[in-house]
Amino acid sequence: MHRSETTNHPDRSRLDEVSNADTAWPPINPNNGQTYQNRRIRRISSTRWEIVPTLKAHMIYLYLTLFGLVIFFISLFTGASLLPLLFSFLISLTGLLLIYGESTPIVIDRQAGVVYRDPRLGILPGHKENRHTSHSIDSLRAIQVLREKECLCAGESQHPYFSYELNLVFLDGSRFNLMDHADFTKLNHDARLLARFLRLPLWVDDLSANAGS
């Protein structure tokens, strides 16, 4: 079902104690993958990397904010009722909250030996990944890439597509999602970089491996 690509590591004893057979392979975030690359790796230093939103992700949130503002001012100057004003204000506020909340990076600090995220807005509805999280790098076992089928559905109109998850796998078999989007080439590139950076094996399911061949 999956293949393992090893990386050079001076001490692989803790990784070889267990195989990847007992690791879960269903998606962590089903039906949550974006059709575009919404996250990427940003190198801060030789020992500190971050997972951050892409410019395109910010532009989508900014478009939502500007759309709400345009509707707000049109409603204001045309003497519309309070309801359109309130609705457009809420749209703009949601866009601003998304920009603010989603810009919080996932930090991978090899020198400090920790992977963490301190959310700026942990109460943002529908975004459970914004909750505080902290893990020791010593508890990591591998980097996992897997494919999941998604669907853009509106009524009877359906547009299926595939997205790919990039997950951290821990020694206890638990996982933590870093990104989930449909651009396999860029996600696979980030996965390989991250595996080398953390000196961990890269586990890729067969469907994702075939997508890259």
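In the protein chain, 62% of the contacts with a separation of 6 or more are between residues 24 or more positions apart, a contact being heavy atoms within 4.5 Å. This is a predicted model, so local features need pLDDT of at least 70 and side-chain atom pairs count only at pLDDT 80 or more, while totals for chains, interfaces and linings use all residues. Residues are numbered from 1 along each chain as its sequence is written, and side-chain values use heavy atoms, with hydrogens and water left out.

Some overall numbers. The protein chain contains 5 helices and 10 strands; these are DSSP runs numbered from the N terminus, helices being H or I of at least four residues and strands E of at least two. Of the 213 residues, 44% are buried. Here buried means under 20% relative accessible area, exposed means over 50%, and partly exposed is in between, with a 1.4 Å probe and protein chains only. The chain exposes about 11,700 Å², and carbon and sulfur atoms supply 59% of that area. Accessible areas come from the Shrake-Rupley method with a 1.4 Å probe, and for residues only the protein chains shown count as cover.

Now the sheet. Which strands form it, and in what order? There are 5 strands in an open sheet, ordered β2-β3-β4-β5-β6, and the pairing is antiparallel. Two strands pair if DSSP finds at least two bridges between them. The edges are β2 (39–43) and β6 (133–136), each of which pairs on one side only. Neighbouring strands of this sheet are turned by 15° against each other on average, direction ignored. For angles, axes are lines fitted to C-alpha atoms, for helices over the stretch in contact, and the values run from 0 to 180 degrees between N-to-C directions.

Taking the pairs in turn, β2 and β3 run antiparallel and are joined by 5 bridges. A hairpin through 4 residues connects β2 to β3. Within this pair, Arg40 has Val52 in β3 as its bridge partner. Further along the sheet, β4 (residues 106–109) and β5 (residues 114–117) also run antiparallel, with 3 bridges between them. Asp109 stands opposite Val114 in β5.

Helix α4 (residues 184–198) lies across β2, β3 (48–53) and β4, and runs at about 40° to β2. In the loop between α4 and β10 (202–205) is Arg199. Its phi is near 60°, a positive value in a residue other than glycine. As background, most residues other than glycine have a negative phi. Arg199 counts as partly exposed, at 36% relative accessibility.

Next, charges. How many salt bridges are there? The count is 4, where a salt bridge is a side-chain nitrogen of Lys or Arg within 4 Å of a carboxyl oxygen of Asp or Glu. Arg42, Arg48, Glu50 and Asp109 are linked in a network of such bridges.

Arg48 is partly exposed, at 23%.

Lys186 is partly exposed, at 42% relative accessibility, and so is Asp183, at 24%.

Last, helix α2, residues 55–77. Where is the nonpolar patch? Leu55, Met59, Leu62, Leu66, Leu69, Phe73, Leu76 and Phe77 make a nonpolar surface patch of about 810 Å². Patches are made of residues with over 30% relative accessible area and no salt bridge; like charges are joined within 9 Å, and nonpolar side chains (Val, Leu, Ile, Met, Phe, Trp, Tyr) within 5 Å. Phe73, one of the patch residues, is partly exposed, with a relative accessible area of 41%.

Ile71 is also in α2, and is partly exposed at 29%. Ile71 and Ser88 are 17 residues apart in sequence, and their C-alpha atoms are 5.8 Å apart in space.
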